[in-house]
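Q: Could you walk me through a structure, please? I would like to go slowly and ask things as they come up.

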Amino acid sequence: MKIDLTDTTAGKVNKALVQGRRAIGTPAVGMVLTLVIVTDEENAYDALKAAGDASHEHPSRTLVVIKRVSRSPRDRTASRLDAEVRVGADAGTGETVVLRLYGEVADHADSVVLPLLLPDAPVVVWWPVNAPLDPAKDPLGALAQRRVTDTYSSEQPVRELSARADAYTPGDTDLSWTRITPWRSMLAAALDQVVCEVKAVEVEGEEFNPSCELLAMWLADRLDVPVKRSLSAGPGLTAVRLATSEGGIALDRADGSLATLSIDGQPDRAVALKRRDTAELIAEELRRLDPDDTYASALRFGVERLNASASPATEQAPVPEASAPEASPKGEPVTHAAAAPDAAAEAPTTEAAPQERPPLKKRAKAT
């Protein structure tokens, strides 16, 4: 059921939600949270579809905030709120309200959203694109317990990680981090099978993919070893190789679907490691509303430290020759400098310098 409201108010939208629930015979509210999606008209459909699919696992009231820019100067001075209320089959297992804000009201979206939040229920704000540099200080972000961004959608994804680290507030998270959950689980499980000490790591993936940097920063932070970032044609992350005291461990996914786990002294194993769609990613993020301390620690490790110049100590524990990055057609090694994407083709491949504190038990920390 859909109800269209033109030049309306938040109070009338609330009345329409009650009328819609009564019309379909479900007057009770059985939703567990409010999901606020802040996007533009171009990306609204995809975001709404992903939220609708995720609502089968997390019944929620979904508020889509779209700030519209009026064409003429006269229209820009006129404030207006248009709303589209969806309940029943048109809204998945929850309720959906699409809010289109015109004029000055677009600068006060929080005052429109606040009366529509479910009482005594957590609030999650998601920016599929154009996220603010400091989500916690955004008027809408201040209403939420959890704030979800997607660094991959920014113009300079890797550099954006530094801004995210500077502005991090407990409750912040990013879908680029969510994308590497299966990789982190598989690598931790692989290290559980071998009693060893990790000496060096190589993370291989496509250029300008923040998930590759985040995985490399997580490994460098948790294992306290040199981590080399190398390039591939993708899609996404393609391989992680660990040099250990007992031989090599490699997780290689060339096609974005099926990966091969190789451990020295054991037969190779095929593991499912497909690239997940946005609905699966947002559903995973809605499962937890507490701060993600592991993400915060990896983010604060820093892209700059990850790409710092290698010291002589780092060169003593290189990744095995078989795990070296692919060569370019001219025979030169492919390199990457995440801290300076514009000069990535000219910058040498670098490693994260190890900490000057006593060595840690690397296998235990990875889990």
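What follows is a chat about the sheet, the helices and a few backbone details.

Q: Before we start, what kind of model is this?
A: This is a predicted model.

Q: What is the strand order in the open sheet of six strands?
A: The order is E10-E9-E11-E12-E13-E14, and the pairing in this open sheet of six strands is mixed.

Q: And which strands stand at the edges?
A: E10 and strand E14 (269–272) are at the edges, and because each has a single partner strand, one side of each is left without a neighbour in the sheet. From one strand to the next, the twist averages 20 degrees.

Q: What holds strands of a sheet together, in general?
A: Strands of a sheet pair through backbone hydrogen bonds, and the pairing is either parallel or antiparallel.

Q: Do E13 and E14 pair in which sense, parallel or antiparallel?
A: Strand E13 (residues 258–263) pairs with E14 in the antiparallel sense, over four bridges. Within this part of the sheet, threonine 260 has alanine 270, in E14, as its bridge partner.

Q: Which strands does H7 lie across?
A: Helix H7 (residues 181–192) lies across E9, E11, strand E12 (247–252), E13 and E14, and runs at about 25 degrees to E11. H8 also packs on the sheet, where it touches E9, E10 and E11, and the direction of H8 makes about 175 degrees with that of E9.

Q: Switching to helix pairs, how do H5 and H8 pack?
A: Helix H5 (residues 157–166) packs with H8 at an angle of about 50 degrees, with their axes 8 Å apart. These two helices are therefore oblique to each other, and H5 passes H8 in a right-handed crossing.

Q: Which residues of H5 and H8 meet?
A: On the H5 side they are Pro157, Val158 and Leu161, and these meet Pro210, Glu213, Leu214 and Met217 in H8. By class, the residues of this contact divide into six nonpolar, no polar and one charged.

Q: What about H2 and H9, at what angle do they cross?
A: The axes of helix H2 (residues 41–54) and helix H9 (residues 278–285) cross at roughly 55 degrees and come within 8 Å. H2 and H9 are therefore oblique to each other, and their crossing is right-handed.

Q: Which residues of H2 and H9 meet there?
A: Ala50, Asp53 and Ala54 in H2 meet Thr278, Ala279, Ile282 and Ala283 in H9. The contact of H2 with H9 has five nonpolar residues, one polar and one charged.

Q: Which residue other than glycine has a positive phi near 50 degrees?
A: That is aspartate 7, which is found in the loop between strand E1 (2–5) and helix H1 (10–23). Aspartate 7 has a relative accessible area of 48%, so this residue is partly exposed.

Q: And what is phi of phenylalanine 208?
A: Phi of phenylalanine 208 is near 60 degrees, which is a positive value in a residue other than glycine. Phenylalanine 208 lies in the loop between strand E9 (198–205) and helix H8 (210–223), and with a relative accessible area of 32% phenylalanine 208 is partly exposed.

Key: Residues numbered from 1 in each chain as written. Predicted model: local features only at pLDDT ≥ 70, side-chain atom pairs only at ≥ 80, totals over all residues. Heavy atoms only, no water. Buried < 20%, exposed > 50% of the residue type's maximum accessible area, 1.4 Å probe, protein only. Pairing = 2+ DSSP bridges. Axes fitted to C-alpha atoms, helices over the stretch in contact; angles between N-to-C directions. Contact = heavy atoms within 4.5 Å. Parallel < 35°, antiparallel > 145°, perpendicular 65-115°, else oblique. Left-handed = near helix turned anticlockwise from the far one by under 90°. Nonpolar A, V, L, I, M, F, W, Y, C, P; charged D, E, K, R; others polar.
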